Amino acid sequence: MSTRQNRRQFMGTAALAGATMPYWFTSSQPIAHGFQSANERPLIGSIGTGDRWKQVIGGAMNFGDVVACCDVDANHVEEGKKICTDAQTKKGVNRSIDTYDDYRKILDRKDIDIVTIVTPDHWHSKIAIEAMQAGKDIYCEKPLTLTINEGKQIVKVLNETKRVFQVGTQQRSEMGQRFIQAVALIREGRIGKLLKATCDIGGAPTCGEIPKADVPKGLNWEKWLGQAPLVDFRFKEGGRWGNSRCHYEFRWWYEYSGGKMTDWGAHHVDIASWAIGQDGPIKVIPVEHHHPVEFKNGMPVQDDRYNAADKFHVQANFAEGIEMHIVSNSKDGNGILFEGTEGRFHVSRGAIKGGPIEALKDKPLPDGAIEKVYGGKKPESHMKNFMECVKTREKPISDVWSHHRAMTTCHLANIAIRLDKTLEWDPKTEQITNDKALNVWQGREQRKGYEINVSL
């Protein structure tokens with residue numbers, strides 16, 4: 001019997017066993033228990049091996065073995081291979097690691113069980129969809145989508161393929177469990193009826209003109225652009241990363257990302273949406289906003305500097321009179337301020353504070369309140385949650401369906417500020433209802449050869 005068959009049989013047996021267990025089975029075993037045998041450890045292919053990937057793969061290698069790395073930047077992929085080889089060798093794992101510049105080579109490999117996707121945002125959806133269709137389980141960095149339609153396409157394919165898919169919104173599992181505690185407080189009625197959530201996600205940077213430059217050696221710029229328009233490479237020295245259209249700085253261009261609205265919005269809007277517990281907003285209002293370049297019909301007129309909004313305040317109205325405010329700056333700082341009829345508190349990655357928090361000294365949350373929010377399981381590592389679900393075939397804590405709904409709020413906010421229009425939204429039909437012509441903004445033009453081929 002081959003190693004591949006042993007590993008697959010192990011996962012299948014665990015899935016059948018999980019069918020008789022309560023959802024989110026609990027375990028007191030060490031973090032990587034059940035993934036010790038070489039035959040049991042899933043094989044991982046890494047797609048995108050830049051800076052953020054280094055944190056993601058460190059957790060993944062507690063449970064599985066990397067056998068392939070892919071990146072359109074040869075410098076990144078070679079560094080990724082060395083990082084994985086060195087780490088696995090120290091653990092006594094002797095596996096060769098292949099390198100590619102085309103992610104489809106990883107998807108074609110029948111021995112690979114799991115893929116990590118840590119690419120620029122505009123590549124997430126296409127790779128994830130094709131990975132599901134290829135039978136892979138997926139850990140993908142946030143934000144999962146660049147458009148609302150991409151979210152719909154991913155949900156459709158996931159429903160068809162039944163893969164295990166974790167989105168990298170670690171606030172749902174980690175950060176001292178402060179955000180899970182926040183949701184538990186609201187569920188337990190500690191601020192009465194929730195009225196308002198203010199998400200301070202910070203503003204985006206601006207820059208001056210970025211000149212055209214030679215493409216760095218080893219970077220396949222055409223493949224990096226993918227679905228996005230074919231444009232000149234631009235770079236200017238400065239700061240940690242410099243100013244460019246590429247690598248980390250892609251976040252400040254609407255062609256590749258949604259700016260801070262989808263970068264940190266994928267964290268704080270996600271938690272606020274979790275607390276609100278609805279399918280989505282019914283109205284999105286651009287209270288104020290500023291872009292570093294001129295816009296015409298929702299599109300930037302300059303292509304030589306960052307174009308994502310650097311300042312903004314968007315109000316999203318939900319049913320039952322609940323408001324979500326997404327702001328680039330507040331007196332409370334980065335984090336979420338929850339306000340209800342009987343109190344308010346603020347939660348961030350560093351602290352959770354306010355009257356309801358102080359009241360916990362005399363009236364703590366009931367036993368199991370945190371676990372209840374987390375689906376009946378004690379929150380631990382976000383990656384551990386994913387890997388356990390790979391075995392049980394259950395839904396991870398940061399699932400595609402809830403992430404799509406949260407990101408829809410972020411995408412609607414960006415549409416509203418780009419067009420300077422209030423949008424009325426039907427969360428059931430997922431359509432803009434006050435001006436149906438605006439529904440074209442749920443998608444984007446896709447460059448020939450890089451289309452997502454999933455009909456809606």
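Helices here are DSSP runs of H or I with at least four residues, strands are runs of E with at least two, and both are numbered from the N terminus. This is a predicted model, in which local features need pLDDT of at least 70 and side-chain atom pairs count only at pLDDT 80 or more, while totals for chains, interfaces and linings use all residues. Residues are numbered from 1 along each chain as its sequence is written, and side-chain values use heavy atoms, with hydrogens and water left out.

Pro356 has a relative accessible area of 9%, so it is buried (under 20% is buried, over 50% exposed and in between partly exposed, using a 1.4 Å probe and protein chains only). Leaving aside neighbours within four places in sequence, Pro356 is in contact with Arg190, Ile191, Arg344 and Phe345, where contact means heavy atoms within 4.5 Å. The C-alpha atoms of Pro356 and Leu185 are separated by 8.0 Å, although the two residues are 171 apart along the chain.

## Two nonpolar cores

Phe345 leads us to the largest nonpolar core, which has 58 residues; Met261, Met324, Ile326, Ile336, Phe338 and Phe345 touch the most other members. Such a core is a set of buried Ala, Val, Leu, Ile, Met, Phe, Trp, Tyr and Cys residues joined through side-chain atoms within 4.5 Å. Helix α14 (residues 400–419) supplies the largest share of this core, eight residues. Another core, of 31 residues, lies apart from it and has Val67, Val157, Val167 and Val400 among its members.

Not counting residues up to four places away in sequence, Phe345 touches a set of residues including Ala182, Leu185, Ile186, Ile336 and Phe338.

## The parallel sheet

Six strands form an open sheet in the order β3-β2-β1-β4-β5-β6, with parallel pairing; two strands pair if DSSP finds at least two bridges between them. The edge strands, each pairing on one side only, are β3 (98–100) and β6. From one strand to the next, the twist averages 20°. Helix α13 (residues 382–392) packs on this sheet, touching β1 (43–47), β4, β5 and β6, and its direction makes about 170° with that of β5.

Strand β4 (residues 114–117) runs parallel to β5 and is joined to it by four bridges, with Val115 opposite Ile138. On β5 and β6, three parallel bridges make the pairing, and Tyr139 has Gln166 of β6 as its bridge partner. From β5 (residues 137–140), Asp137 and Tyr139 point one way and Ile138 and Cys140 the other way, and all are buried.

## Helices α5 and α6

Helix α5 (residues 121–133) packs against helix α6 (residues 148–161) at an angle of about 10°, with axes 9 Å apart. Axes are lines fitted to C-alpha atoms, for helices over the stretch in contact, and angles run from 0 to 180 degrees between N-to-C directions. The angle makes α5 roughly parallel to α6 (under 35 degrees is roughly parallel, over 145 roughly antiparallel, 65 to 115 roughly perpendicular and the rest oblique). Ser125, Ile129, Met132 and Gln133 make the contact from α5, and residues including Gln153, Ile154 and Val157 make it from α6.

## Backbone details in loops

A cis peptide bond, with omega about -15°, joins Lys142 and Pro143; Pro143 sits in the loop between β5 and α6.

Gln177 is not a glycine, yet its phi is positive, at about 60°. Its relative accessibility is 28%, so Gln177 counts as partly exposed. His247 likewise has a positive phi, near 45°, and is found in the loop between β9 (243–244) and α9 (260–263).
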